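Work through these exercises with the model open beside you. Each task is followed by a stepwise solution.

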Amino acid sequence: MVAETMTVVRTHGPRDYRVEEIPVPTPGPGEVLIEVDACGICASDMKCWLGGELFWGSDGKSGYCEPPAVAGHEFAGHVVALGEGAAERHGVQLGDRVIAEQIIPCGECRFCQNGQYWMCQVHPIFGFKSFLIGGMAKYSLYPAKSIVHKVPESLSAGEAAYIEPAACAWHAVERGEITKGDTVVIAGVGNIGLCMLQIAKLFEPGQLIALDAKDYRLDIASQMGADLSINVTGEDVVQRVKDVTDGYGCDVFIEATGNPAAVPLGLQMIRKLGTFVEFSVFNEPATVNWTIIGDTKELNIHGSHLGPYCYPKTIAAIADGRLDVKPLIAEAYPLTSFHEAMESSLSGGVLKNILVPV
Ligand SMILES: [Zn+2]
Ligand SMILES: [Zn+2]
């Protein structure tokens with residue numbers, strides 16, 4: 001039996017997220033109602049909470065977040081109700097465990113029409129829009145245009161909540177176009193970086209190097225297969241990378257630090273004709289010597305956004321153990337303890353906190 005109301009966390013403004021009771025929606029045509037297993041707290045949730053310009057706008061321009069929005073985009077759950085035609089549309093039945101991709105593509109813009117749905121011009125993402133119900137809720141409603149995948153029961157609630165960030169990591173690694181034997185640098189080994197590290201390993205690099213400013217993360221990176229884990233605050237990291245690559249620099253640099261200072265560092269340590277993948281969302285612009293990209297090194301600069309076409313392979317890799325996210329999950333908090341969970345996440349001392357519906 002689905003309840004009539006449910007507890008959710010809704011964004012009202014920067015540092016103004018409220019635990020509230022709202023009606024449980026009834027699925028319309030093509031829509032799927034799921035009972036949420038758990039929902040991860042993402043760096044983007046933290047940036048939104050802190051008042052990031054991307055989310056709240058500036059100088060009279062509105063941001064991406066349209067409050068009040070039920071927060072959360074890292075979640076999976078079980079189907080509890082299906083709108084008309086939804087079972088056929090999504091290939092799911094009552095009781096199935098499922099995840100919807102974080103973006104609900106419009107299906108009509110030039111990008112959607114070209115199969116580039118992750119760059120949809122309309123671009124609604126769970127957790128930031130008032131017309132969507134994100135994962136920090138007892139129930140979430142997948143709109144008819146959602147892209148839904150099945151999730152095996154063998155995954156824990158935390159592992160299932162990790163599918164979304166891990167799929168984003170997978171796409172970023174693919175953008176690196178790693179060839180066997182490459183020296184690959186993963187800059188920033190937080191949640192996503194540690195997933196990138198494990199995924200990059202599947203592409204058989206020659207050397208996998210992890211960079212971070214926090215030792216506890218570098219220790220995990222070493223346990224997860226980094227050949228070299230370097231604390232950027234302690235030494236000349238550019239020189240270190242050059243030393244282990246016969247002076248050339250790394251072949252692939254994947255930027256996942258969230259710190260604009262990592263960009264000039266990456267441009268210095270990458271070899272000529274290398275591939276630089278930009279994944280982070282920065283709260284301030286990065287300042288670089290742009291000439292390095294062209295005249296000096298002729299680099300490939302590849303952006304990376306979301307996890308298009310990566311959900312099925314990510315789910316399979318978590319299920320068969322090639323991608324181990326268990327050590328990355330810190331603590332499970334009840335939804336009503338959202339503020340405590342957010343403070344813990346912001347402390348930087350933990351990797352992924354998850355919220356469990358009440
Ligand atoms: Zn996220
Ligand atoms: Zn579109």
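**Exercise 1.** Which charged end sits over the ring of tyrosine 64, and how many Å from its centre?

*Solution.* The model is predicted. Start from the ring of tyrosine 64: the charged end of lysine 129 sits over it. The distance to the ring centre is 3.8 Å. Now look at tyrosine 162: lysine 352 lies over its face, 5.5 Å from the ring centre.

**Exercise 2.** Identify the protein donors of the zinc ion (ligand 2) and classify their arrangement.

*Solution.* Step one: list the donors. They are the SG atoms of Cys106, Cys109, Cys112 and Cys120, at 2.3 to 2.4 Å from the ion. Step two: read the spacing in sequence, which is C-x2-C-x2-C-x7-C. Step three: check the angles. The four donor atoms subtend 102 to 120 degrees around the zinc ion (ligand 2). Tetrahedral requires all angles between 85 and 135 degrees, so the arrangement is tetrahedral. For reference, the ideal angle for four tetrahedral donors is 109.5 degrees. Step four: check burial. Cysteine 106 and cysteine 112 are both buried.

**Exercise 3.** Which residues coordinate the zinc ion (ligand 1), and where in the chain do cysteine 42 and histidine 73 lie?

*Solution.* The donors are Cys42 (SG), His73 (NE2) and Glu74 (OE), at 2.1 to 2.5 Å. Cysteine 42 is in the loop between strand S3 (32–40) and helix H1 (43–50). Histidine 73 is in the loop between strand S4 (69–70) and strand S5 (74–82). The pair links distant parts of the chain, 31 residues apart. Both cysteine 42 and histidine 73 are buried. The donor spacing reads C-x30-H-E.

**Exercise 4.** How many disulfides does the model contain?

*Solution.* Apply the cut-off: two cysteine sulfur atoms within 2.5 Å. The count is zero. Take cysteine 168: the nearest cysteine sulfur, that of cysteine 42, is 7.7 Å away. Cysteine 168 is buried, at 6% relative accessible area. Cysteine 250 is also buried, at 0%.

**Exercise 5.** What geometry does the ring pair of tryptophan 49 and phenylalanine 338 have, and which helices hold the two residues?

*Solution.* The whole structure holds twelve aromatic pairs. In this one, the ring centres are 5.9 Å apart and the planes meet at 70 degrees, so the pair is edge-to-face. Tryptophan 49 lies in helix H1 and phenylalanine 338 in helix H12 (residues 338–346), so the pair ties together parts 289 residues apart in sequence. Tryptophan 49 is buried at 5% relative accessibility, and phenylalanine 338 is buried at 0%. Ring pairs also bring in Tyr17, giving a cluster of Tyr17, Trp49 and Phe338.

Notes:
Residues are numbered from 1 along each chain as its sequence is written. Chains are lettered from A and ligands numbered from 1 in the order in which they are written. This is a predicted model: local features need pLDDT of at least 70, side-chain atom pairs count only at pLDDT 80 or more; totals for chains, interfaces and linings use all residues. Side-chain values use heavy atoms; hydrogens and water are left out. Donors are N, O and S atoms within 2.8 Å of the metal (3.2 Å for Na, K and Ca); water is not among the atoms, so sites may look incomplete. Helices (H or I, at least four residues) and strands (E, at least two) are DSSP runs, numbered from the N terminus. Buried means under 20% relative accessible area, exposed over 50%, partly exposed in between (1.4 Å probe, protein chains only). Four donors count as tetrahedral if all angles lie between 85 and 135 degrees; four count as square planar and six as octahedral if opposite donors are over 155 degrees apart and all others between 65 and 115; anything else is irregular. Rings of Phe, Tyr and Trp (its six-membered ring) pair if their centres lie within 6.5 Å; planes under 30 degrees apart count as stacked, over 60 as edge-to-face and the rest as tilted. A charge sits over a ring if NZ of Lys or CZ of Arg is within 6 Å of the ring centre and within 35 degrees of the ring normal.
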